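Biologist: Could you put the model up on screen? I'd like to go through the contacts, the metal site and the confidence with you.

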Amino acid sequence: MLPIRRPKTVLAVLLVLWAALLVLPGNPIPSPFATTTTFQSVSGPVAPTPELPQPWPQSVALDAARAVSARFTSGSTLDATLRGAGLRGSNLTTMLGVAAEAINVRRIRPGQEYQLYFDSAEELIGFRYQLDRQTAWFVARDDGDWAAVKVNIPIQSRTTFMSAEIVDSLHRAVAAYAPTRSSVNDLIIKVGDIYGWDVDFQYDLRYGDRLDLVVEERFVEGKFIGYGEILSAEFHVNGRVLPVVRFRDPDGVGSYFTPEGESLRRAFLRSPVKHSRISSRFSMRRVHPVTGIARAHRGVDYAADPGTPVQATAAGVVTEARYGAEPGRFVRLRHGGSYTSVYMHLSRIEGGIAPGTEVKQGQILGYVGKTGNATGYHLHYGLEQGDRYVDPLRLQFPAADPVPTNHWGRFVAQRDESLETLRTGQANRTAAVAGAGAGL
Ligand SMILES: [Zn+2]
């Protein structure tokens, strides 16, 4: 009999509900869960406002009785564009003269934005030309005379706390917050970089898991342009609680650690067998000793005595443990960071090693043999990242070092600050959920 667990039933119902909603028009897709499963609060000194960093020409925009916003079209010139907007006379001639001295008018491209500002008498008092996101040219009246100035628009940032409960996918949970599709993907990649060694995003996530984040939001003139760094986070995954904090070292290099200062990245063991020698290296082309056919050797052979224990090079989950004609008895593991490792020609597979088994780094998977297509006792060890074979001996695995002792004081200061923001956000969320539950 197959017991049906309630969370799966709930998930199935929600997925049906979701499928019904997918056909609705509009972008972004409305989330039926957004109102109940997510929470966001904002902190930080910067209130994003559409302000330029200098009083002039900001005053021109503020004083204008009317502003027109448009984009240059293909083949348009500044002169023709302004004449097209109904501008005539010496005012226009003078303004164009000042503009031509400052702006390289030949660099004006179709699609670039401009604004025209008029006073209450419908006289042109200013022109703004957006070179790129952070650079604008102003040609405007300054005490009666026309003047041109290039304005560098600063990026403003603030920190925000978000708490996303996972109903069907991390992507949808995050999408409930993120203002743009590209910012969702960007944030998912950042989360993957932090947790990729501890969490398998395809298999570990369960209904009701939760991701709490403190992340920077970036704005230009009050307009959201994307996320900055994740400063701290806590992932509740399948019964595990994984807090992390970002540490910026004196050189400005950022990396993530547990609050105790341990690295989240798990390096692979150098070799899966002790007391061995490498008998054949990784190559994309070699003559096979048995078949005599030239073909790639997608792994490393370790010659070792029969029965030598073979260890998992990193923590992971067993995906295959069986016999095959070529590999003989073999074990395949799936790890974080989209890595897969494979161990071939085993004489015997260790008891309990079967698909679905979670293994620790260094755990024994089996013993060196010569089953399958092998001339002598050896272990063939292969490593794949994504769908690509990589050379285990040449791969630079991420460092697994803890916070260096000489940076400990600095780490503690940053940790305490970012964790406080996280804990405050979590407390507010709990209060908001309790309030909603009480019907407030
Ligand atoms: Zn081999």
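Biologist: Of the contacts between residues at least 6 apart in sequence, what share joins residues at least 24 apart?
Modeller: That share is 63% in the protein, where a contact means heavy atoms within 4.5 Å. This is a predicted model, in which local features need pLDDT of at least 70 and side-chain atom pairs count only at pLDDT 80 or more, whereas totals for chains, interfaces and linings use all residues. Residues are numbered from 1 along each chain as its sequence is written, and side-chain values use heavy atoms, with hydrogens and water left out.

Biologist: Which residues coordinate the zinc ion?
Modeller: His 297 through NE2, Asp 301 through OD and His 380 through ND1, at 2.0 to 2.2 Å; donors are N, O and S atoms within 2.8 Å of the metal (3.2 Å for Na, K and Ca), and water is not among the atoms, so sites may look incomplete. Along the chain the donors follow the spacing H-x3-D-x78-H.

Biologist: And where do Asp 301 and His 380 sit?
Modeller: Asp 301 lies in strand E15 (residues 300–303) and His 380 in strand E22 (residues 378–385), 79 residues apart, strands being DSSP runs of E with at least two residues, numbered from the N terminus.

Biologist: Is Asp 301 buried or exposed?
Modeller: Asp 301 is buried, at 6% relative accessible area, and His 380 is buried too, at 9%; buried means under 20% relative accessible area, with a 1.4 Å probe and protein chains only.

Biologist: Changing topic, what is the average pLDDT?
Modeller: pLDDT, the predictor's confidence in each residue from 0 to 100, averages 80 over the protein, but stays below 50 over residues 1–37.

Note on methods
Helix = DSSP H or I, 4+ residues; strand = E, 2+ residues; numbered from the N terminus. Buried < 20%, exposed > 50% of the residue type's maximum accessible area, 1.4 Å probe, protein only.
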